[in-house]
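This report describes a model together with its ligands.

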Amino acid sequence: MTEQLAVAVLGASGRMGIEAVKAVEAAPDMKLVASLGRNDSLQTLLDAGAKYIVDLTVPDSTEANVRFAVEHGMHAVVGTTGWDAARLAALRELLAGNPESGVLIAPNFALGSVLASAFAAKASQYFESVEIIELHHPNKVDAPSGTAVRTAQLIAGAREQAGVPASPDATETSLDGARGCDVDGVRVHSVRLRGLVAHQEVLLGGPGEQLTIRHDSFDRASFMPGVLLGLRKVAAHPGLTVGLDGYLDLGL
Ligand SMILES: NC(=O)C1=CN([C@@H]2O[C@H](COP(=O)(O)OP(=O)(O)OC[C@H]3O[C@@H](n4cnc5c(N)ncnc54)[C@H](O)[C@@H]3O)[C@@H](O)[C@H]2O)C=CC1
Ligand SMILES: O=C(O)C1=N[C@H](C(=O)O)C[C@H](O)C1
């Protein structure tokens, strides 16, 4: 039998961390060597012999955690939000000096969500208007969601490449926030509602028609196959990969 992957979960007491601990423990090709909470020292990773980390913490912590992992020769699978362009650029630079390590920053681990974002980007080249509505549980600390930001960036890139002009919008006066926020020219609206987990709709409008591409995560179990896939693939992809689609052959 091949050697088991020595995995540490950071944020292990959180909503996602609890699921990830269970998923790694149940995976025959993995061994959970450490589970870290907010007050645990990163030194624990070295003492436990971790070779892979799964980061499911908070935007304020994730950058330092990944930096530590890379500087100590580990691979990192990261679901935490907050990886803006400046943070990604700093990480790329760090990885250039540590070329053995692989890092996956995955805004969403659910396969359906990854597909929905890719389909939306493709479809957005053929519609005049596009807007995103993301809907989440009310305990979420960041808005808009990382998934919505990523989806908007993919859409903006696809439309720019296809030469599609900005979505029409005649708004002259509005209350603050009424038109959501602007991510690379795409309007994103955030809903926080008790009972929800993680959901997103991309609305695409053309003359006399609308296409809606919707994905729903009803349970955090939906994210676990993607976490395990990321762990199995990350070492074979040194450097930085943004989006689980980087490990999939979507052919879109
Ligand atoms: N990529 C994906 O598919 C998904 C990503 N997320 C993202 O994952 C992150 C976590 O989400 P939840 O589990 O819902 O949040 P949560 O708030 O339930 O859990 C975060 C946990 O991290 C802990 N923590 C904070 N700093 C830490 C540190 N330095 N070391 C270790 N633990 C630390 C907190 O005490 C807390 O227990 C968020 O950024 C969320 O947006 C959530 C769901 C899916
Ligand atoms: O906080 C969450 O719950 C989620 N966070 C990620 C995001 O911000 O996109 C992924 C998923 O939407 C759930």
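How many residues surround ligand 1, and which are the closest? The shell holds 24 residues, and the closest are Gly 11, Gly 14, Met 16, Ser 61 and Gly 79. A residue is near a molecule if its C-beta atom, placed from the backbone, lies within 6 Å of it. The model is predicted: local features need pLDDT of at least 70, side-chain atom pairs count only at pLDDT 80 or more, and totals for chains, interfaces and linings use all residues. Residues are numbered from 1 along each chain as its sequence is written, while chains are lettered from A and ligands numbered from 1 in the order in which they are written.

Two or more residues of the shell around ligand 1 come from each of α1 (15-26) and α3 (59-71). Helices (H or I, at least four residues) and strands (E, at least two) are DSSP runs, numbered from the N terminus. The largest share, three residues, belongs to α1. Around ligand 2 stand Thr 81, Pro 107, Asn 108, His 136, Lys 140, Ser 145, Gly 146, Thr 147 and Ala 198. The table gives both shells by class; Ala, Val, Leu, Ile, Met, Phe, Trp, Tyr, Cys and Pro count as nonpolar, Asp, Glu, Lys and Arg as charged, and the others, Gly among them, as polar.

| Shell | Nonpolar | Polar | Charged |
|---|---|---|---|
| Ligand 2 | two residues | six residues | one residue |

**Sheets**

One open sheet has six strands in the order β2-β1-β3-β4-β5-β11, with parallel pairing. Two strands pair if DSSP finds at least two bridges between them.

Another open sheet has five strands in the order β7-β8-β6-β9-β10, and its pairing is mixed. Its edge strands are β7 and β10 (209-217), each of which pairs on one side only. The twist averages 25° from one strand to the next. β9 and β10 pair in the antiparallel sense over nine bridges. Gly 206 has Glu 209 in β10 as its bridge partner. α5 packs on the sheet, touching β9 and β10, and its direction makes about 160° with that of β10. Axes are lines fitted to C-alpha atoms, for helices over the stretch in contact, and angles run from 0 to 180 degrees between N-to-C directions.

**Helix α6 and its surroundings**

α6 lies across β6, β7, β8 and β9, running at about 165° to β6. Its buried residues, among them Val 149, Leu 154 and Ile 155, pack against α5 (111-123), β6, β7, β8 and β9 (198-206). Buried means that 20 or more other C-beta atoms lie within 10 Å of a residue's own; exposed means 12 or fewer, and partly exposed is in between, with C-beta atoms placed from the backbone. Contact means C-beta atoms, placed from the backbone, within 7 Å. Just after α6, Gly 163 takes a positive phi of about 70°.

**Backbone exceptions**

Most residues other than glycine have a negative phi, and most peptide bonds are trans. The bond from Ala 143 to Pro 144 is cis, with omega near -5°; Pro 144 lies in the loop between β6 (129-136) and α6 (146-162). Asp 184, in the loop between β7 (181-183) and β8 (186-192), has a positive phi, near 50°. Asp 184 is partly exposed, with 14 other C-beta atoms within 10 Å.

Notes:
Contact = placed C-beta atoms within 7 Å.
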